[in-house]
Amino acid sequence: MRPSFHPKLVNGPFEDPALFIPFLFQKRALLFDMGDLHRLAPKEILKLTHGFVTHTHVDHFAGFDTILRTFLGRQKAFHIFGPPNFLQNIEGKLASYTWNLVENYSHGFSLKATEVHPTYTISQVYDCKKGFKSNQAQEEAPFDGTLLAEPAFSVHAVHLNHKIPCLGFNLKERFHVNIMKDRLKRLKIPVGQWLRRFKEALYEEHDLEEGFQVVWKEAGKERELTFRLGDLANQIAHISPGQKITYIVDVLFSPENSEKIIDFARNADHLFIEAAFLDAELEVARNKYHLTAKQAGTLARKAGAKQFTPFHFSPRYAHTAHLLQEEADRAFAGITSDQ
Ligand SMILES: [Zn+2]
Ligand SMILES: [Zn+2]
């Protein structure tokens, strides 16, 4: 199965957290957290449509400026989500610059921000051409765990305790459409743009009886074949459960957090989870409202994650990163003794 989403941590495990999630065959990406983003090329940043911030400690939010800087002067919209008090944080960032020349820009960047409370959200739009002033009314909506729902995927949040509310995120693909290349070959049809339309038709639940046109170019000429959508799906597509990516950082190992995380990350294909300290420094971890590597691995195992990546290591282990990784791996494998 070729996954639709290819998440990658922007930085090394000792550096700022940011998970960049590009979409296969699309100029589109999502971002979980935005610490230092200077390693992302502008063309990657410009793929972003939505960003999700767990909490506004500087190591998770400093990259907002990079996004703002890159989008400025472009006809783009970006929607950013964050924890309670997030609109005040965003407005503080925007207020720290001078915007006297932006009204003359030919392209206007539009920023929408949503702060996520346990049962409701508040959204506000900031237009570049208006100097990012929030002169519209705030929009309030009920929140049931889902932040974004599109035909092909959805993004969900859970509120966790880091002495302040800290959000965990899930990206869930609704189902996965795998194209069987050998079947395409048998039909003598090449891959191309039409595959994206085909997948969209399946995600948008088009009537399987309706006609679907496959269009491609052959020796400079346009070729076209029409299929019944359901027939084409039966012939070339294999439908399997969708991908699930979970992102958890900066949380206290409390019974309440643990229960929420295990439930939220259940059967994730890939869990990214902080592992700040070694279990030998359990007390330090507790006082700083962070996880130990052992706790991270244990949560990943209990959630049944298929793959997990511990990261966001404390700099005190700069020369002993392998110890954190080993401790997390052992807990993930369920090895409790030191043998
Ligand atoms: Zn952090
Ligand atoms: Zn933090």
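His 55 is buried, at 0% relative accessibility. In this predicted model, the residue is one of the protein donors of the zinc ion (ligand 2). The donors of that ion are His 55 (NE2), His 57 (ND1), His 162 (NE2) and Asp 250 (OD). They lie 2.2 to 2.3 Å from the zinc ion (ligand 2). Along the chain, these donors follow the spacing H-x1-H-x104-H-x87-D. Their arrangement is irregular, because the 4 donor atoms subtend angles of 86 to 167 degrees. His 55 sits in the loop between strand S4 (48-52) and helix H2 (58-61). Asp 250 sits in the loop between strand S16 (244-248) and helix H8 (255-264). The pair therefore ties together parts that are 195 residues apart in sequence.

Asp 250 is buried, with a relative accessibility of 2%. The protein donors of the zinc ion (ligand 1) are Asp 59 (OD), His 60 (NE2), Asp 250 (OD) and His 312 (NE2). Their distances from the ion run from 2.1 to 2.5 Å. The spacing of these donors along the chain is D-H-x189-D-x61-H. This site is irregular too, with angles of 85 to 153 degrees among its 4 donor atoms. His 60 is buried, at a relative accessible area of 0%. Asp 59 is partly exposed, at 22%.

Glu 256 forms a salt bridge with Lys 260, with 3.8 Å between the closest N and O atoms. The two residues are separated by about one helical turn, because they are 4 residues apart in helix H8. Glu 256 is exposed, at 55% relative accessibility, whereas Lys 260 is partly exposed, at 30%.

The structure holds 15 salt bridges. In one of them, the side chains of Glu 44 and Lys 8 meet at 3.3 Å, N to O. Glu 44 belongs to helix H1 (residues 42-45) and Lys 8 to strand S1, so this pair ties together parts that are 36 residues apart in sequence. Glu 44 is buried, with a relative accessible area of 16%. Lys 8 is partly exposed, at 37%. Another salt bridge joins the side chains of Arg 228 and Asp 231, at 2.6 Å, N to O. Both partners are partly exposed: Arg 228 at 28% and Asp 231 at 36%.

Asn 11 lies in the loop between strand S1 (8-9) and strand S2 (19-22). The residue is buried, at 8% relative accessibility. Its side chain reaches the backbone oxygen of Asp 16 at 2.9 Å. The side chain of Asn 11 also reaches the backbone oxygen of Asp 36, at 2.9 Å. Apart from neighbours within four places in sequence, Asn 11 is in contact with Asp 16, Asp 36 and Arg 39.

Terms used. Residues are numbered from 1 along each chain as its sequence is written. Chains are lettered from A and ligands numbered from 1 in the order in which they are written. This is a predicted model: local features need pLDDT of at least 70, side-chain atom pairs count only at pLDDT 80 or more; totals for chains, interfaces and linings use all residues. Side-chain values use heavy atoms; hydrogens and water are left out. Donors are N, O and S atoms within 2.8 Å of the metal (3.2 Å for Na, K and Ca); water is not among the atoms, so sites may look incomplete. Four donors count as tetrahedral if all angles lie between 85 and 135 degrees; four count as square planar and six as octahedral if opposite donors are over 155 degrees apart and all others between 65 and 115; anything else is irregular. Buried means under 20% relative accessible area, exposed over 50%, partly exposed in between (1.4 Å probe, protein chains only). A polar contact is a pair of N or O atoms within 3.5 Å; within protein, one must be able to donate a hydrogen and the other to accept it, and residues adjacent in sequence count only if both atoms are side-chain atoms. Contact means heavy atoms within 4.5 Å. A salt bridge is a side-chain nitrogen of Lys or Arg within 4 Å of a carboxyl oxygen of Asp or Glu.
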